[in-house]
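Here are some notes on side-chain contacts, written as numbered points. Please read them with the structure open.

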Amino acid sequence: MFAARKRVFIDFLNWDLSALEDVYELDPFDTSAAEYVILLGEDGRHRASARLLPTEQPHLLGDLYSHVCDGGAPRGARIWEISCFCLDPDQTAAERRNARDALVTALADYALSHGITDYVGVADIRWFKKIRAFGWACEALGEPCDDGRCQIIGLRIRIDPDTVKGLKRAGTYVALARVGYVSGETVQ
């Protein structure tokens with residue numbers, strides 16, 4: 001997962017991030033408070049992953065990007081942040097699309113089974129438009145802001161018992177095969 005993050009965020013997107021041993025992308029938010037949703041292929045290799053952080057702990061939106069939220073970043077025990085949404089670049093376009101849909105499904109399932117009512121995050125405006133089209137209730141938390149590379153925006157995704165129905169209507173929902181849920185304590 002951390003190697004895929006390095007290939008995507010540093011090598012492909014050219015984000016100014018550091019890499020451990022020039023192989024793994026980790027940041028100060030990869031703490032014991034983090035939870036990771038990891039989608040694995042039949043061969044056990046990383047296909048897609050995302051990091052989840054409780055908003056009552058340090059997190060990207062609340063600590064670095066709260067200015068993109070009208071009234072500040074939402075926080076609460078049932079509000080978690082999605083960040084580091086990563087699709088393994090060694091997949092075909094069709095495989096990445098399937099991995100993306102499976103990861104979105106896994107994120108919804110994770111929230112429903114863990115009492116999470118809202119996900120928040122920050123995204124570039126192009127990615128935000130795609131996130132809204134997945135079939136879940138997603139809204140902007142403010143107006144887009146220029147971050148020097150692109151327009152970014154804060155977002156909130158509401159999760160409730162109808163979320164899966166919305167994902168199915170939008171054609172995003174897929175049956176899950178191999179998904180791992182890993183605690184940041186395990187990674188440490």
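1. Start with aspartate 118. The model is a predicted one. In this model aspartate 118 is buried, at a relative accessible area of 6%. Its salt-bridge partner is arginine 156, and the closest N and O atoms of the two are 3.2 Å apart. Arginine 156 is buried too, with 13% relative accessible area.

2. Where do arginine 156 and aspartate 118 lie? Arginine 156 belongs to strand 7 (residues 151-158) and aspartate 118 to strand 4 (residues 118-124). The pair therefore ties together parts that are 38 residues apart in sequence. Asp118 and Arg156 also belong to one network with Glu139 and Arg158, joined by salt bridges that share partners.

3. Aspartate 101 deserves a look next. Two arginines form salt bridges with aspartate 101: arginine 100, with closest N and O atoms 2.7 Å apart, and arginine 97, with closest N and O atoms 3.5 Å apart. Aspartate 101 is buried, with a relative accessible area of 5%.

4. Arginine 100 has 13% relative accessibility, so it counts as buried. Arginine 97 is partly exposed, at 47% relative accessible area.

5. Why are aspartate 101 and arginine 97 separated by about one helical turn? Because they are 4 residues apart in helix 3, which spans residues 93-114.

6. For the overall tally, the count of salt bridges comes to 12. The pairs described above are among them: aspartate 101 with arginine 97, aspartate 101 with arginine 100, and arginine 156 with aspartate 118.

7. Now the cysteines. How many disulfides does a search of the whole structure find? It finds 0. Cysteine 86 is in no disulfide, and its nearest cysteine sulfur, that of cysteine 84, is 8.2 Å away. The cut-off for a disulfide is 2.5 Å between the sulfur atoms. Cysteine 86 is buried, because its relative accessibility is 0%.

8. Cysteine 145 is a further case. Cysteine 145 is partly exposed, with 22% relative accessible area.

9. On to the rings. The whole structure holds 3 aromatic pairs. One of them joins tryptophan 127 and phenylalanine 134, with centres 5.9 Å apart and 75° between the planes. Is this pair stacked or edge-to-face? It is edge-to-face, because an angle over 60 degrees puts a pair in that class.

10. Check the exposure of both rings' residues. Phenylalanine 134 counts as buried at 3% relative accessibility. Tryptophan 127 is partly exposed, with a relative accessible area of 25%.

11. Which residues do ring pairs link into a cluster? They are Phe85, Trp127, Phe134 and Trp136.

12. Last, a charge over a ring. Lysine 168 lies over the face of tyrosine 173. The distance from the ring centre is 4.9 Å.

Note on methods. Residues are numbered from 1 along each chain as its sequence is written. This is a predicted model: local features need pLDDT of at least 70, side-chain atom pairs count only at pLDDT 80 or more; totals for chains, interfaces and linings use all residues. Side-chain values use heavy atoms; hydrogens and water are left out. Buried means under 20% relative accessible area, exposed over 50%, partly exposed in between (1.4 Å probe, protein chains only). A salt bridge is a side-chain nitrogen of Lys or Arg within 4 Å of a carboxyl oxygen of Asp or Glu. Helices (H or I, at least four residues) and strands (E, at least two) are DSSP runs, numbered from the N terminus. Rings of Phe, Tyr and Trp (its six-membered ring) pair if their centres lie within 6.5 Å; planes under 30 degrees apart count as stacked, over 60 as edge-to-face and the rest as tilted. A charge sits over a ring if NZ of Lys or CZ of Arg is within 6 Å of the ring centre and within 35 degrees of the ring normal.
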